[in-house]
Amino acid sequence: MYSILFNKCPRCHVGSFWASNNPFRNMIFSTKNACQTCENCSLDYELEVGFWYGCMYISYAISVAVMVIFWTLTTIFFPLINIFNEILIIVLAILSVSPLNYHVSRLIWINFFVKYIPNDTY
């Protein structure tokens, strides 16, 4: 949980996983999306070719959670809303959280496969 919340390397918890802690800056403004290796323990973040395809499942789960949350909120606070307006609100919510979704889904995915090693035995 520490490396996901604080954008740290999953193995050493010292080096940064992303170039910046701001997901919007990483995805929209930065030319270098993610770091390739940890500057502290030299962990190669792409463990194998096509490793990041698996984080699409995490991203999908996060998107579904955002959709359910916004559908519930619009249904509770606006019970007479038109279905097309409700869909528009949900789509705008998904698009606005997409950089955060991308940022967090990669961190969650790599933490499934890399174990934290607290010592300097890299």
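Which residues does Arg-106 touch, not counting residues up to four places away in sequence? The views below come from a predicted model, in which local features need pLDDT of at least 70, side-chain atom pairs count only at pLDDT 80 or more, and totals for chains, interfaces and linings use all residues. Residues are numbered from 1 along each chain as its sequence is written, and side-chain values use heavy atoms, with hydrogens and water left out.

View 1. Helices are DSSP runs (H or I, at least four residues) numbered from the N terminus. Arg-106 touches Phe-17, Trp-18, Trp-52 and Cys-55, where contact means heavy atoms within 4.5 Å. Arg-106 is buried yet has no salt bridge, and the nearest side chain of opposite charge, Glu-46, is 6.9 Å away. Buried means under 20% relative accessible area, exposed over 50%, and partly exposed in between (1.4 Å probe, protein chains only); a salt bridge is a side-chain nitrogen of Lys or Arg within 4 Å of a carboxyl oxygen of Asp or Glu. For charge, Lys and Arg count as positive and Asp and Glu as negative, while His and the chain ends are not counted.

View 2. Ser-59 is partly exposed, with a relative accessible area of 22%. Ser-59 and Trp-109 are 50 residues apart in sequence and 9.5 Å apart in space, C-alpha to C-alpha.

**View 3. Phe-78 in the loop between α3 and α4.** Phe-78 is partly exposed, with a relative accessible area of 49%.

How values were computed:
Helix = DSSP H or I, 4+ residues; strand = E, 2+ residues; numbered from the N terminus.
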